[in-house]
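Student: I have a new model to look at and would like to talk it through. Could we begin with a single residue and widen the view from there?
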Amino acid sequence: MDSNQQKPKTLQDAILFFSDPDNTLEYMKRLRWPDGDVYCPFCGRRDVVYLTNQRKWQCKSVHKHRQFSAKVGTVMEDSPIPADKWLVAVWMLSNCKNGISSYELAKVIGVTQKSAWFMLHRVRLGLSLNAKKFGTKRKIGGGSGPVEADETFIGGKMKNMHRDRRARYVAEQTRTGGGVGKAIVMGMLDREMRQVRARVVPNVKRETLQATLLSEVKHGSKVYTDEAVGYDKVSYNFIHDVVNHMETYVDGQVHTNGIENFWSLLKRTLKGTYVAVEPFHLERYVDEQVFRFNHRKHEDQKTPMTDLQRFEAALPMFVGKRLTYSEVTGKDGETPF
Ligand SMILES: [Zn+2]
């Protein structure tokens with residue numbers, strides 16, 4: 001592997017770096033097989049043969065799909081878009097503070113806007129802690145610091161929406177029982193670790209909020225919330241301190257300012273870069289923001305992460321996740337690309 005000096009530092013470096021197929025292959029290998037040992041994804045055989053010209057491997061057992069590339073079993077599988085463009089897309093989305101639009105990505109890597117749009121959705125799925133994946137995600141809490149929990153409402157501008165979109169939007173709202181015109185996101189921040197978990201929730205009922213808390217936060221953590229009715233009885237599972245927003249200044253430590261800071265970052269991105277986000281896609285944009293928020297600094301909470309470190313932290317998250325075109329669009333029968 002190359003030395004650290006040769007590794008990319010900026011987006012410009014990254015584009016240049018991944019234009020070398022050997023560099024791309026090295027990173028794709030690390031993405032797919034983090035411990036460095038290439039094995040057949042279909043039968044597990046480890047003595048696979050590397051086919052230099054095709055930059056693929058071949059399993060010695062005769063079975064279907066015996067030839068495979070490093071894209072197999074990742075969000076990039078089945079995409080005709082070359083891996084170097086995918087890696088640049090990952091670089092951009094994991095690092096651009098306010099997200100990137102499909103128009104920007106299309107221009108940078110030279111694909112159509114539609115392809116870029118689809119790629120970005122797949123990359124967001126890669127960055128998601130909530131999407132199904134091999135292995136388990138780490139819960140937050142459990143340390144000496146508190147966890148702040150809060151919800152926010154993200155408003156859709158229905159009148160600016162195309163008729164088809166609006167119909168889908170309303171159907172989704174009806175299905176989930178949320179307030180029409182608004183989507184609800186619940187967020188939790190481990191104040192000590194500076195780690196956020198967030199997800200779209202259908203409503204602010206007690207059962208919903210508490211189930212979400214239980215799935216994201218370790219048992220016995222100290223949880224700060226505002227006095228929303230949904231949080232009473234939380235103390236059965238957590239130590240619970242309520243913030244009354246009128247008394248925030250008096251309470252001192254007991255506040256939810258940290259998670260509110262996350263909400264303002266999320267809303268800035270949604271307003272600035274992603275002008276028309278449908279509730280259908282909101283979860284993915286939340287996932288994207290959570291990834292960047294959680295990778296601002298190293299675990300010591302002092303040293304900022306570099307763009308390269310954020311990119312390398314993102315890569316292993318892409319394994320074991322798939323997203324089809326119809327899952328992205330909610331439509332069947334369109335051609336994937
Ligand atoms: Zn095999």
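Student: Which residues does L93 touch, not counting residues up to four places away in sequence?
Tutor: This is a predicted model, and in it L93 touches I100, L120, V123, R124, L127, Y274, E288 and R292, with residues up to four places away in sequence left out.

Student: Where is L93 found?
Tutor: L93 belongs to helix α3, which covers residues 83-95.

Student: And is L93 buried or exposed?
Tutor: L93 has a relative accessible area of 0%, so it is buried, the limit for that word being under 20%.

Student: How many residues apart in sequence are L93 and V123, and how far apart in space?
Tutor: They are 30 residues apart in sequence, and their C-alpha atoms are 7.6 Å apart in space.

Student: What about contacts between residues at least 6 apart in sequence: what share join residues at least 24 apart?
Tutor: The share is 62% of those contacts in the protein chain.

Student: Now to charges. How many salt bridges does the structure hold?
Tutor: The structure holds 13 salt bridges. One of them is formed by the side chains of R30 and E312, at 3.2 Å from N to O.

Student: Which helices do R30 and E312 lie in?
Tutor: R30 lies in helix α2 (residues 21-32) and E312 in helix α11 (residues 307-314), so the pair ties together parts that are 282 residues apart in sequence. R30 is partly exposed at 30% relative accessibility, and E312 is partly exposed at 24%.

Student: Which salt bridge does E148 make?
Tutor: The side chain of E148 meets that of R191 in a salt bridge of 2.7 Å, N to O. This pair also links distant parts of the chain: E148 is in strand β4, while R191 is in the loop between β5 (182-190) and β6 (195-201), 43 residues apart.

Student: Are E148 and R191 buried or exposed?
Tutor: Both E148 and R191 are buried.

Student: What does D37 pair with?
Tutor: D37 forms a salt bridge with R46, and the closest N and O atoms are 3.5 Å apart. D37 itself is partly exposed, with a relative accessible area of 42%.

Student: Which side chain has a polar contact with that of D150?
Tutor: The side chain of W263 does, in a polar contact of 3.2 Å. D150 is placed in strand β4 (residues 147-155). Beyond its neighbours within four places in sequence, D150 is in contact with V185, M186, G187, D226, Y231, I259, E260 and W263.

Student: On to the rings. How many aromatic pairs does a search of the whole structure find?
Tutor: The search finds 13 aromatic pairs. Among them are F17 and F18, an edge-to-face pair with 5.1 Å from centre to centre and 85° between the planes. F17 is buried, with a relative accessible area of 7%, and F18 is buried at 1%.

Student: How are the rings of Y50 and W57 arranged?
Tutor: Their centres are 5.3 Å apart and their planes are at 50°, so the pair is tilted. Y50 is partly exposed, with a relative accessible area of 30%, whereas W57 is buried at 4% relative accessibility.

Student: Which residues do ring pairs link into a cluster?
Tutor: The cluster consists of F17, F18, Y27, W91 and F311.

Student: Which residue lies over the face of Y27?
Tutor: R30 does, at 4.8 Å from the ring centre. R30 is also the residue that meets E312 in a salt bridge. Elsewhere, R296 lies over the face of F293, at 3.9 Å from the ring centre.

Methods: Residues are numbered from 1 along each chain as its sequence is written. This is a predicted model: local features need pLDDT of at least 70, side-chain atom pairs count only at pLDDT 80 or more; totals for chains, interfaces and linings use all residues. Side-chain values use heavy atoms; hydrogens and water are left out. Rings of Phe, Tyr and Trp (its six-membered ring) pair if their centres lie within 6.5 Å; planes under 30 degrees apart count as stacked, over 60 as edge-to-face and the rest as tilted. Buried means under 20% relative accessible area, exposed over 50%, partly exposed in between (1.4 Å probe, protein chains only). A charge sits over a ring if NZ of Lys or CZ of Arg is within 6 Å of the ring centre and within 35 degrees of the ring normal. Helices (H or I, at least four residues) and strands (E, at least two) are DSSP runs, numbered from the N terminus. A polar contact is a pair of N or O atoms within 3.5 Å; within protein, one must be able to donate a hydrogen and the other to accept it, and residues adjacent in sequence count only if both atoms are side-chain atoms. Contact means heavy atoms within 4.5 Å. A salt bridge is a side-chain nitrogen of Lys or Arg within 4 Å of a carboxyl oxygen of Asp or Glu.
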